[in-house]
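Here are my notes from going through this one, as numbered points. Have the structure open while you read.

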Amino acid sequence: MSTVSWITARGLFGRRRFLMLLPLPAVLVLLAVLCRSLGVDPGEWASPVLVGLGLAVVLPVVALIVGTGVLGAEIDDGTVVHILTKPLPRWQIVLPKLAVAAGVSAVTVAVPLYVAGVLADSVRLGLALAAASALGALAYSALFLALSLVTRRPVLLGLVYVLIWEGLLGNFVSGTRVLSIQQWVIALADRMAPTALLSTTVSVPVAVVLIALVSVGFTVLAIDRLRSFSVAGETS
Amino acid sequence: MTTLDTDARPAVTTSTLDLVGVSRWYGNVVAVNDVTMQLGSGVTGLLGPNGAGKTTLLHMMAGFLAPSRGTLTLDGESTWRNPGVYRQLGLVSEREAVHSFLTAKEFVLASAKLHRLPDPQAAARRAIELVEMTDAQDRRIGTYSKGMRQRTRVAAALVHDPQVLLLDEPFNGMDPRQRLHMMGLLHSLGDAGRTILFSSHILEEVEQVSGTVQVMVAGRLAASGDFRTIRRLMTNRPHVFAVRSTDDRALAVALMADASVTGVELDKTGLTVRAGDYGAFTRALPKIALARQIRVRQLTPEDESLESVFSYLVEA
């Protein structure tokens, strides 16, 4: 593990904010276990739990907390200066941080989605949801990490994207779904484990290309913005 | 006090920070206005009242702000968008943020590793010793006092033995003993050929650490160099001397006849002499005293302190 990844992981797990990651995945598993143990037909609960909660809420919110935390928190408290005053090309700072953010988000979301998928349908669906959500975690992390370098309110902007764009507009304006990470994840999971529980209008090739584009594009943007990172000129 | 072990290191090549016509503005507010200066080896104090632009200037030197106009280079290379300069440059910023979940040892060692030093363990140990933090190095930084955190930050900035060290208000939060130690450390580094620039708005700190100052007032570089020399160049302000002699009254009369003297006050403790020309007065006084067989017991420049130089510059 690189020194940047090590500091990032220590910072992430050392902050109380990390505890915010735990309740949502726990609720996801709990609901799935409850529905299964009460014998509710998966056709009734699987879609709202897996998509409505798992992919529409747990995945983006966890990725938002982690993605804005790995760099945004260091920018907020000023500790980022210690890493920036090192002779490291900026990609060697952004990539380890992105790897930690995507990795932590993927594990935090993929495990409960796998469990819920198995309980709802099959191991195949569980694995498909876990794999697709891991790819989604990468795209969300790249987006939110870049947001923490282009705005001082990355969490707010991230929430606007997740709640307004994906959550609200995605339901009423079908065209917006093409630019929705959530829909790309659904398309990929549905391709890996075709089931009536998952449905989207976005095609798999479009989802694959856009996930790659978003992941690479926002990473490049983050590297470029970090190269020009300015410390607020508070004079004293 | 720990001193820099210059014998154990390779010979230091000095680095030079060059600023030519550097300005920085935010919208309509000019924070730094057309500053030109060159910093070489030794300790220099960056002095100025709050809001003078010291921190903005330091941030630009450290590569954390682009100048709006002008050029700023370290050994010919721009510091902006150039992480390579951090091989020679160390920064201790004013904001005391440190990774509080790490111990000092972990923090300084991480810095050494990020600098890709050949022996990071040894470099971290040396830097921690230098700031006298060895005893507390295994405690989490979050449990430290402000002064200890500051020393840990200095250790991290020194771990790669930079040729240029920039410190923004380095004595903040330090107790008197820690201040003395830090002043000694800066002296050692300056004597060893490093280029040290530290900012402060506390005159005594600057006066004790460095005779060479860069004085910022309202974003401009108001004066530059040894503050005693700066004072002597202020020919529009009379120089004030305290003089004690065997016959103060007779000396006062004789001095008033000399062209270099613009005023004399006589009181119980002696004379306060105002001279328009520093050199002419100090040459004339012995001759005048000798001619009248008066013995001068004490001659002290009264307004050559950094404080008076600074107040003259700020008032100007």
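1. Let's start where the two domains of chain B meet: 10 residues of domain 1 are in contact with 6 residues of domain 2. Helix H6 (203-209), S9 and S10 of chain B each give two or more residues to the domain 1 side of that contact. By type, that side divides into 9 nonpolar, no polar and 1 charged. Bear in mind throughout that this is a predicted model.

2. For orientation, the domain assignment of chain B puts domain 1 at 6-226 and domain 2 at 234-315. Their C-alpha centres lie 40 Å apart.

3. Next, the sheet of 6 strands in chain B. It is open, has mixed pairing, and runs in the order S6-S7-S8-S3-S9-S10. Strand S6 (89-92) and strand S10 (220-226) of chain B sit at the edges, each pairing on one side only. On average, neighbouring strands here are turned by 15° against each other, direction ignored. If you want to check one pair by eye, take S6(B) and strand S7 (residues 164-168) of chain B, which are parallel over 4 bridges. There you'll find B:Leu89 opposite B:Val164 in S7(B).

4. Which helices go with that sheet? Helix H1 (residues 54-61) of chain B packs on the sheet and touches strand S3 (42-47), S7, strand S8 (195-200) and strand S9 (212-217) of chain B. The direction of H1(B) makes about 150° with that of S7(B). Helix H10 (residues 306-315) of chain B lies across S3, S9 and S10 of chain B, at about 30° to S9(B).

5. Now the other open sheet in chain B, with 4 antiparallel strands in the order S12-S13-S11-S14. Strand S12 (261-267) and strand S14 (296-301) of chain B each have a single partner strand, so one side of each is left without a neighbour in the sheet. Neighbouring strands are turned by 20° against each other on average, direction ignored. S12(B) and strand S13 (residues 270-275) of chain B run antiparallel and are joined by 6 bridges. Within that pair, B:Glu265 has B:Thr272 of S13(B) as its bridge partner.

6. This sheet has helices on it as well. Helix H8 (residues 248-256) of chain B packs on the sheet, in touch with strand S11 (239-245), S12 and S13 of chain B, and its direction makes about 165° with that of S12(B). Helix H9 (residues 278-291) of chain B lies across S11, S12, S13 and S14 of chain B, running at about 175° to S14(B).

7. On to the hairpin. S1(B) and strand S2 (residues 29-39) of chain B pair in the antiparallel sense over 7 bridges, and B:Leu19 has B:Met37 in S2(B) as its bridge partner. The hairpin has 2 residues between the strands, and B:Gly27 takes a positive phi near 60°.

8. What about the contact between the chains? Chain B puts in 33 residues and chain A 25 residues. Strand S1 (17-26), H1 and helix H2 (104-114) of chain B each supply at least two residues of the chain B side. That side divides into 15 nonpolar, 11 polar and 7 charged.

9. After H2(B) comes B:Arg116, with a positive phi near 55°.

10. Last, the cores. The largest nonpolar core has 157 residues, and A:Val185, B:Val108 and B:Ala155 have the most contacts inside it. Helix H7 (residues 123-150) of chain A gives the most to this core, with 18 residues. At least three residues come from each of domain 1 and domain 2 of chain B. Leaving aside neighbours within four places in sequence, the contacts of B:Ala155 include B:Val108, B:Ile128 and B:Met133. Apart from this core lies another, of 13 residues, including B:Phe241, B:Val243, B:Ala275 and B:Leu285.

Key. Residues numbered from 1 in each chain as written. Chains lettered and ligands numbered in written order. Predicted model: local features only at pLDDT ≥ 70, side-chain atom pairs only at ≥ 80, totals over all residues. Pairing = 2+ DSSP bridges. Axes fitted to C-alpha atoms, helices over the stretch in contact; angles between N-to-C directions. Contact = placed C-beta atoms within 7 Å. Core = buried A, V, L, I, M, F, W, Y, C linked by C-beta atoms within 7 Å. Buried ≥ 20, exposed ≤ 12 C-beta atoms within 10 Å, placed from the backbone. Domains from an automatic or database assignment. Nonpolar A, V, L, I, M, F, W, Y, C, P; charged D, E, K, R; others polar.
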